[in-house]
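Visitor: Please take a close look at one residue and the contacts and charged pairs around it. I am new to this structure.

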Amino acid sequence: MMTRLFSVLIICFLTAPLFSQANLNNYKYVIVPVKFDFLNENDKYQLNSLTKFLFNKYGFKAVLEGSEYPEDLMVNRCLALESDVLKEPGMFKTKLKIELKDCNDKVVFTSIIGESREKVYKTAYNLALRDAFQSVEALNYSYKPNENLIASADPSPKLKDNNKVVEEIQQLKAEIKNLKKEKVINVAKPEPKISEPLSIAKEVKKEPIKEVKVNKPFSEKVVSNVLYAQEINNGFQLVDSSPKVVYKIKATGLNNTFLIEGKSAILYKKDDEWVLEYYSNNVLKQETLNIKF
C-alpha cells in the first residue's frame with residue numbers, strides 16, 4: 001500500500017510542471033484519433049478504443065475523431081483537448097506516452113512514459129498505455145467550466161470547414177426544391193402559341209413531359225449493387241465487391257447526410273434507404289444505394 005502511494009506521489013510530482021500553465025479541468029472533452037502515427041491501421045490492437053475507454057474511466061468525456069460530436073463541441077471546438085499517443089525509442093522495452101493539445105495546437109499535458117517488456121505487440125502496447133495513464137489518473141480530473149475559455153475560443157478550421165459543408169448542403173437542398181417547383185410549373189404549362197417566339201417553343205420541347213420524374217416512387221428507383229463503407233478521414237469511401245472505390249462521401253453536421261466528393265450531389269437516409277440525389281442535364285435524379293456500414 002505504501003509503495004503504491006509513493007508511486008502516485010512521484011507521478012504527481014513529475015506531471016505537475018507539465019500542465020501548470022493550463023488547468024485541464026477547464027476542458028470538457030478529449031478527442032481521440034482513430035489512428036496513431038506509429039501504427040499503420042485504424043484502431044490497431046484496439047489501442048485507440050482503449051485510449052478512449054481509459055480517458056472516460058478517469059473522468060473525461062472522450063469522443064472518437066470523426067464521430068458525431070456533442071452540440072456544444074460543434075459550436076466551440078476549444079472545449080476539447082486533442083489526444084495523441086507517442087511511441088518512444090527502446091531496444092528491449094515498449095515505451096508510450098500520452099500528449100494533450102488545446103485548440104491552438106499547444107501541448108498542455110504530457111504523461112510519464114509507460115513501459116512494458118512483453119514481446120507480443122498487442123500485450124506490450126496495452127500494458128505500456130495503461131502504465132502511462134497513471135499520470136492521467138493522478139490528475140483527479142473534474143470538469144469546471146471556464147467563462148473566459150468559453151467566451152474567447154474561436155471555432156477551429158475543422159469546425160469552420162464543417163460549417164461550410166452544412167451551408168453547401170442547405171443550399172443544394174434549396175436548389176433541388178426550386179427545381180422540383182419549376183418542373184411542376186413546366187408540366188402544367190400549355191403548349192406555346194404560334195405567336196410566341198421560336199426560342200421559347202424550342203425550350204419547351206427540350207423538356208418533354210415524359211421525362212419528369214419528380215414524384216417517382218422509391219420502389220421504382222434503380223437499386224445498385226451492394227456498396228461497402230470503409231471509414232476514412234472526414235467520412236467514408238464506398239467500394240464494390242471488386243473492390244473498387246465508387247464514391248467518397250464527406251460527413252456533415254446533419255445526421256445521416258453526406259456530400260459526394262467531386263460531384264454536385266448529396267447522400268441522405270430516408271426511412272431505411274440511402275438516397276443519392278444529383279442533377280443530370282437539369283433533371284433531378286434519384287438513386288437508392290444499398291450500403292453496408
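Guide: Contact here means heavy atoms within 4.5 Å. Leaving aside neighbours within four places in sequence, lysine 97 is in contact with Asp84, Val85, Leu86, Glu88, Thr110, Ser111, Ile112, Ile113 and Ala132. This is a predicted model, in which local features need pLDDT of at least 70 and side-chain atom pairs count only at pLDDT 80 or more, while totals for chains, interfaces and linings use all residues. Residues are numbered from 1 along each chain as its sequence is written, and side-chain values use heavy atoms, with hydrogens and water left out.

Lysine 97 lies in strand 4, residues 94-101; strands are DSSP runs of E, at least two residues long, numbered from the N terminus. Lysine 97 counts as buried because its relative accessibility is 19%. Buried means under 20% relative accessible area, exposed over 50%, and partly exposed in between, with a 1.4 Å probe and protein chains only.

One of the residues in contact with lysine 97, Glu88, also meets it in a salt bridge between side chains, at 3.5 Å from N to O. A salt bridge is a side-chain nitrogen of Lys or Arg within 4 Å of a carboxyl oxygen of Asp or Glu. Glutamate 88 has 22% relative accessibility and therefore counts as partly exposed.

The structure holds five salt bridges. Among them is the pair of lysine 101 and aspartate 105, whose closest N and O atoms are 3.7 Å apart. Lysine 101 is partly exposed, at 25% relative accessible area, whereas aspartate 105 is exposed, at 55%.

Terms used: Helix = DSSP H or I, 4+ residues; strand = E, 2+ residues; numbered from the N terminus.
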